[in-house]
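I opened this notebook page to record what I looked up, and in what order. The entries go from the whole chain down to single residues.

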Amino acid sequence: MTLLVTGGAGFIGSNFVLDWLDGRDERVVNLDALTYAGNLRNLASLDGDARHVFVRGDIGDRALLDRLLAEHRPRAVVHFAAESHVDRSILGPGAFIKTNIEGTYTLLEAVRTHLAALPAGEREAFRFCHVSTDEVYGSLAPDAPAFTETHPFEPNSPYSASKAASDHLVRAWHHTYGLPVLTTNCSNNYGPYHFPEKLIPLMIVNALAGKPLPIYGDGLQVRDWLYVRDHCSAIRTVLERGRVGETYNVGGWNEKPNREIVLTICALLDELQPSPEGPYTRLITHVKDRPGHDRRYAIDARKIERELGWRPAETFDSGIRKTVAWYLANGDWVREVQSGGYRDWVQANYAQRAATA
Ligand code: NAD
Ligand code: TYD
């Protein structure tokens, strides 16, 4: 048995592959273009392991997809590959349209053609698991109920619009062509191997380097945080037991304003690696807000719990402590990802955000 994973060298994908192969013999074919966000170092512990077949390639390459599907005959596709950072989508939306929309379309078409030629039993057992985000639902008012699976799609950034489009394609390929799809819409993840352009890892690595901690706007925007390995366990659960054609919201029941996240990180660093210069909160800087910044996300994860029995294992306190400890123990990984390309990004994103406080 084989699983085809796309984007398995990125943050969530690499955690998923590592967890999958921890105690399972089922092979993973990992297709990843190794963009700036993909990092084979995340998978270094699998070097020489025959259960992991890494293929560098683009989900928009139809000939490559046809070859991989024919050669490996996976029983499922788990589709992580995407451009994933909202701020990058604001400065350059083209790559998001290409990978998230056109790439997903190409993958769906390749799978559709492949399935048509399979014997009925194999076709019926096949699953296409599309990994998406809560950002497709848009922004919530402070007292509004959390997003359920029937909440309307109201994406506000090029990133979320491109993911919403991909969710619609996946849905349509199910209803029109009978593709056996499952979709997950998950809240913000955090944990090991998180690229330090996103809030939590950026704040950890900046604090350790004595650099400013740039909070956008008033810092009262709310996100619903989930430890990445809990997201991976939710995807495994949906893959094994989810009802074909359904979507499942995945979240950690952990709504927190950004400012509180930054204060928590500072407090943990003060405890685990105190700075001779004084408390890390001295580095907090309020900077110009993100255009179209969604005010609040919150996930109602009752459907996946009720139907499939999934719940997160980590609390925010336990997960954030593990995460900070991981970054402290993995300075080499951080130094490697902060290469020239990373410096160019930091320059492009933060140069236009003069401090406001
Ligand atoms: P990431 O940016 O860390 O990783 C994306 C991976 O996809 C990288 O390894 C990259 O090289 C690869 N990739 C990009 N374009 C590709 C292409 N054209 N062909 C093949 N590979 C390509 O992203 P992530 O945070 O791990 O997110 C993974 C998925 O989960 C995405 O679909 C994202 O929308 C979704 N998601 C993320 C979060 C989150 O908080 N990070 C939350 C919910 C859903
Ligand atoms: P991010 O990690 O980019 O995830 P998303 O935008 O997909 O939710 O950002 C999380 C929140 O943190 C979001 O409200 C924007 C905010 N943020 C900052 O305040 N400063 C930063 O430097 C970054 C990267 C994000």
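**Entry 1: the chain as a whole.** I noted at the outset that this is a predicted model. I counted the secondary structure and found 13 helices and 13 strands in the chain. I then looked up the radius of gyration, which is 20 Å and close to the 21 Å that the globule rule gives for 357 residues, so the chain is as compact as a globular protein of that length. Along its principal axes, the C-alpha trace spans about 65 × 45 × 40 Å.

**Entry 2: burial, contacts and surface.** I asked what share of the 357 residues is buried. Buried residues account for 55% of them. For contacts between residues at least 6 apart in sequence, I found that 82% join residues at least 24 apart. The chain exposes about 14,700 Å², and 52% of that area is supplied by carbon and sulfur atoms. I also checked the charges: there are 39 positive and 44 negative ones, and their mean positions lie 1 Å apart.

**Entry 3: strands β1 and β2.** I went to strand β2, residues 27–32, where 5 of the 6 residues are buried, so this strand is largely enclosed by the rest of the structure. Strand β1, residues 2–6, pairs with β2 in the parallel sense over 5 bridges. Within this pairing I located L3, which stands opposite V28 in β2.

**Entry 4: two residues with positive phi.** I looked up L34, which sits in the loop between β2 and β3 (52–56), and found its phi near 50°, a positive value in a residue other than glycine. Is L34 buried or exposed? Its relative accessible area is 18%, and since buried means under 20%, L34 counts as buried. I then turned to W253, in the loop between β11 (247–250) and β12 (255–257), whose phi is near 55° and is again positive in a residue other than glycine. W253 is partly exposed, with a relative accessible area of 40%.

**Entry 5: H130 in strand β5.** I found H130 in strand β5, residues 127–133, and noted that H130 is buried, with a relative accessible area of 1%. Which residues does H130 contact, once its neighbours within four places in sequence are left aside? They are H79, T104, K163, S166, D167, V170, L182, T183 and T184. I also looked up how H130 lies relative to S339, 209 residues away along the chain, and found their C-alpha atoms separated by 31 Å.

**Entry 6: H114 in helix α4.** I placed H114 in helix α4, residues 94–116, where H114 is buried at a relative accessible area of 13%. Residues up to four places away in sequence not counted, H114 touches L69, A70 and R73. For L69 I also took the C-alpha to C-alpha distance from H114, which is 6.9 Å, although the two are 45 residues apart in sequence.

**Entry 7: T237 in helix α8.** I ended with T237, which lies in helix α8, residues 228–241. T237 is buried, with a relative accessible area of 11%. Its contacts, leaving aside neighbours within four places in sequence, are G242, L308 and W310.

Terms used
Residues numbered from 1 in each chain as written. Chains lettered and ligands numbered in written order. Predicted model: local features only at pLDDT ≥ 70, side-chain atom pairs only at ≥ 80, totals over all residues. Heavy atoms only, no water. Helix = DSSP H or I, 4+ residues; strand = E, 2+ residues; numbered from the N terminus. Rg over C-alpha atoms; globule rule 2.2 N^0.38 Å. Buried < 20%, exposed > 50% of the residue type's maximum accessible area, 1.4 Å probe, protein only. Contact = heavy atoms within 4.5 Å. Areas by Shrake-Rupley, 256 points an atom, 1.4 Å probe, with all protein chains shown as cover. Lys, Arg positive; Asp, Glu negative; His and termini not counted. Charge placed at Lys NZ, Arg CZ, Asp CG, Glu CD. Pairing = 2+ DSSP bridges.
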